[in-house]
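Welcome, and thanks for taking a look at this one with us. Below is a short briefing, arranged by topic, to read alongside the viewer.

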Amino acid sequence: MSAAILRVGNCSGFYGDRLSAMREMLEGGDLDVLTGDYLAELTMLILGKDRMKDPTLGYARTFLRQAEDCMGLALEQGVRIVSDAGGLNPASLTEKLREVAGGLGLTPRIAYVHGDDLVDRVDELGLGKPLTANAYLGAFGIAAALRNGADIVVTGRVTDASLVVGPAVAHFGWDREAYDELAGAVVAGHVLECGAHASGGNFSGFRALAPDSTPIGFPLAEIAADGSSVITKHPGTGGAVTIDTVTAQLVYEVQSQTYLGPDVSARLDSIVLSSDDENRIRICGVRGIAPPDQLKVCVNELGGFRNTIEFLLTGMEIDGKADWVRAQMDLALANRPPATVAWTLARTDVDDSTTQEGASCRLRCTVKDEDPAVVGKAFTAPAVELGLASYPGFTLTAPPTPGTPYGIYRPAYVDQATVQHTVVHGDGTTESIPAPTRTTHSGRTGRAAGESPPRRPPTW
Amino acid sequence: MTRRKPLGTFVHARSGDKGGDANIGLWVDQSTKADERIAWLTKFISPDRIKELIPEAAELDVEVYPLPNLGAVNVVIRGLLGDGVAASTRFDPQAKALAEWLRSRHVSITENLL
């Protein structure tokens, strides 16, 4: 690693992102660290369902495949890999990675970070009866793992930005109160966390980038000791890194002017962007303040079961057709209607269309209920049975399916000190990561008269 | 003089979800008339304007946070996505395309900003 600049890349923005991206990032140019984010609110639920079926699962399986393909290359290049692919089971992922490494004749030092999983403590913490409950940990566990010499670090639920902040803390030796430096790295991490989003993916000004079929390159950040960074991508890759593509990601899924996190709260209104060169955008000026005294917890509960039917409506008298089939369905479901029945009709049909599809629109009925039977055959059979007995042109867009379980996500908050943020190093020793000593009061645990009103809850 | 034009004529946007809330970040193309456009967007986007352009937000809490350093305004619509992505019955449960819809809404834009 060069001392002055740390080059941190990203190869995944979600569970299901481009499988080849890890190899592309390793082969496409120089890096010190390669990160990947695999977890979203919904992903925790998917992993929770995996873990229910098999207690050794609950991690992002695509990461294991990528690691099998790329571990040797990363070790040869000295690129450390840091990923939250451990999901609900970082210990099990670590074990699987060691098996894979053994099969390849490699001996990487693999550490994992845990303590985020609160599902066994929900009674004590008053979190209800969820399927998953994970606190968003900060960056200092990852940093400790890297300082101890880890080649690969896998974590459970850490904030997305921590995957980038951790390596920067390890490299530059920032302390817990280096708020501006930490906040700068948080902003770089937020830009990288959604992969190609920062380099021209899903960008509303896409036509200005002269898009072609070349796959968009994943982003990387060159981080300096003061926390400032340059966002760029490997040469020859598709997409672009411009002030607009970086802004697009900066304003994505943020909730106010302050980006709250477990280690630092970054002031988004302090960010200064400038163009360094082609595909090189500099981020500087970021100010940070002490983090809230509570950690956000991602809680997923099994909500019940859902199902959807789509009726295709074509040509004349669309409203009349929709009204009739709705009335027919309402009558058929009247005995035991699902708890939620939501109808939508989007009038995408065009008058006097020269194509059949253009003359058509979809009437969608989505139902939810705690009883799978109510949204299963009891819901789909009445629709199927209308096949020869309803509006002219009756057809469904897909065959009926059984109901599928769905989750309900809600955020919860716990005091920083209640979480046992722990690193298990490659040699099996463990290291406990203390909570930050300086925090700001987040106001969610009750407040005395005269105090200022509670702030918005953390929003990363 | 004003003209009726899609908001996206010089305003970029990206949207997404946080649980049951939707977020839309809007920012102006700063290649020309940057200061004027930032001032216009900051003034133009208010909770009431969002409720007018996105009628399904009319009964919800809408928050607007200016970020003039980025030429941007951040909008949060509380509860638009119900119980969150997995449970929502909404057409676009993660609000991924909400911003593109908003950009396509026609608004009155002062001519000298175009």
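How many residues does the contact take from chain A and from chain B? In this predicted model, 35 residues come from chain A and 28 residues from chain B.

**Where the two chains touch**

- On chain A, at least two residues each are supplied by α2 (41-53), α9 (243-250), β11 (272-277), β15 (340-346) and β18 (404-415) to the side that touches chain B.
- The element that gives the most to this side of chain A is β18(A), with 6 residues.
- By residue type, the side of chain A that touches chain B divides into 16 nonpolar, 14 polar and 5 charged residues.

- Chain A has an open sheet of 3 strands in the order β9-β10-β13, with antiparallel pairing.
- At the edges are β9 (258-259) and β13 (287-289) of chain A, each of which pairs on one side only.
- Strand β10 (residues 265-267) of chain A is joined to β9(A) over 2 bridges in the antiparallel sense, and A:Ala266 in β10(A) is the bridge partner of A:Tyr259.
- Helix α8 (residues 179-192) of chain A lies across β9, β10 and β13 of chain A, and runs at about 110 degrees to β13(A).

**Strand β6 of chain A and its partners**

- Strand β6 (residues 152-155) of chain A is covered on both faces. On one side A:Ile152 and A:Val154 are buried, and on the other A:Val153 and A:Thr155 are buried too.
- Strand β3 (residues 80-83) of chain A runs parallel to β6(A), and 3 bridges join them; here A:Ile81 has A:Ile152 as its bridge partner.
- Strand β4 (residues 110-114) of chain A also runs parallel to β6(A), joined by 4 bridges, with A:Ala111 standing opposite A:Val153.

**Chain B as a whole**

- Chain B holds 3 helices and 6 strands, which follow the pattern β-β-β-α-α-β-β-α-β along the sequence.
- The radius of gyration of chain B is 14 Å, which agrees with the value near 13 Å that a compact globule of 114 residues would have.
- Taken along the principal axes, the C-alpha atoms of chain B fill a box of roughly 45 × 25 × 20 Å.
- Of the 114 residues in chain B, 46% are buried.
- Among the contacts in chain B with a separation of 6 or more, 64% are between residues 24 or more positions apart.

Definitions and conventions: Residues numbered from 1 in each chain as written. Chains lettered and ligands numbered in written order. Predicted model: local features only at pLDDT ≥ 70, side-chain atom pairs only at ≥ 80, totals over all residues. Contact = placed C-beta atoms within 7 Å. Nonpolar A, V, L, I, M, F, W, Y, C, P; charged D, E, K, R; others polar. Pairing = 2+ DSSP bridges. Axes fitted to C-alpha atoms, helices over the stretch in contact; angles between N-to-C directions. Buried ≥ 20, exposed ≤ 12 C-beta atoms within 10 Å, placed from the backbone. Rg over C-alpha atoms; globule rule 2.2 N^0.38 Å.
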